[in-house]
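Dear colleague,

Please find below the structure that I am handing over to you, together with its sequence. My findings follow directly after it.

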Amino acid sequence: MSEIVLEAERRTAVGKAAKRVRAEGKIPGVYYAHGEETIPLQVPKTSLDSLIYTSETHVIELRLKDGTKKAILRDVQFDPVTDKPVHFDLLGLHEQEEITLEVPIKLTGGTPKGVRDGGILQHILHKLKVACLPKNIPDHIEINVESLEINKSVHVRDIAIPNVRILENEASAIVAVIPPTVVKEETQ
């Protein structure tokens, strides 16, 4: 699992005063962990981009003036008009405490056999909710779709990751190849 260093500073402007933080080109956020104090933060927008716009799960080494903490990005709120991040939440990690998070799914193997035969690939679930210890967090979950045929699918029950519990419904389809729809024209 890859680790990203995030330099942050404690934020004193909380509530509506956080608008000043955004005006300075920084994004307000919060760090919280079980049994620890909540820390209001602010980081430059550019340092947050590598966490937001990725298809990987990263452990964050949060560096503050008074020490470092391990965390994961739990949530990001975006402005509905500009689609720019306006707030983020970091969840602190403890070595022996299991956490729940969503891990992205990556399809591998190129074009599935069913698509080469005329079918259509449907990627239904893009993330899986899992529970594990921080040391077992997968970057992503790979599913090889190369041999997937028309009318075949990969379900949650078909996925096994060591030391990780998948919390999704095991009957849910992740990816499928469906036959093309044929529209019949009426003859007159």
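Strands, labelled E, are DSSP runs of at least two residues, numbered from the N terminus. Please note that this is a predicted model.

I begin with Tyr31, whose place is in strand E3, residues 26-32. Tyr31 has a relative accessible area of 1% and is therefore buried, the cut-off for that term being under 20%. Leaving aside residues up to four places away in sequence, Tyr31 touches a set of residues that includes Glu37, Ile39, Leu41, Leu62, Lys69, Ala71, Leu90 and Gly92. Glu36 is also among the residues touched, and its side chain makes a polar contact of 3.3 Å with the side chain of Tyr31.

The largest nonpolar core has 24 residues. Those that touch the most other members are Ile72, Leu101, Ile105, Leu128, Ile137, Ile143 and Ile174. At least two residues of this core come from each of strands E8 (99-108), E10 (127-132), E11 (141-144) and E14 (173-178). Strand E8 gives the most, with four residues.

Leu101 has contacts with Ile72, Leu128 and Ile137, and also with Thr57, Arg74, Lys129 and Val130, again not counting residues up to four places away in sequence.

Finally, a distance relates Tyr31 to Ile174: their C-alpha atoms are 32 Å apart in space, and the two residues are 143 residues apart in sequence.

With kind regards

Technical notes
Residues are numbered from 1 along each chain as its sequence is written. This is a predicted model: local features need pLDDT of at least 70, side-chain atom pairs count only at pLDDT 80 or more; totals for chains, interfaces and linings use all residues. Side-chain values use heavy atoms; hydrogens and water are left out. A nonpolar core is a set of buried Ala, Val, Leu, Ile, Met, Phe, Trp, Tyr and Cys residues joined through side-chain atoms within 4.5 Å. Buried means under 20% relative accessible area, exposed over 50%, partly exposed in between (1.4 Å probe, protein chains only). Contact means heavy atoms within 4.5 Å. A polar contact is a pair of N or O atoms within 3.5 Å; within protein, one must be able to donate a hydrogen and the other to accept it, and residues adjacent in sequence count only if both atoms are side-chain atoms.
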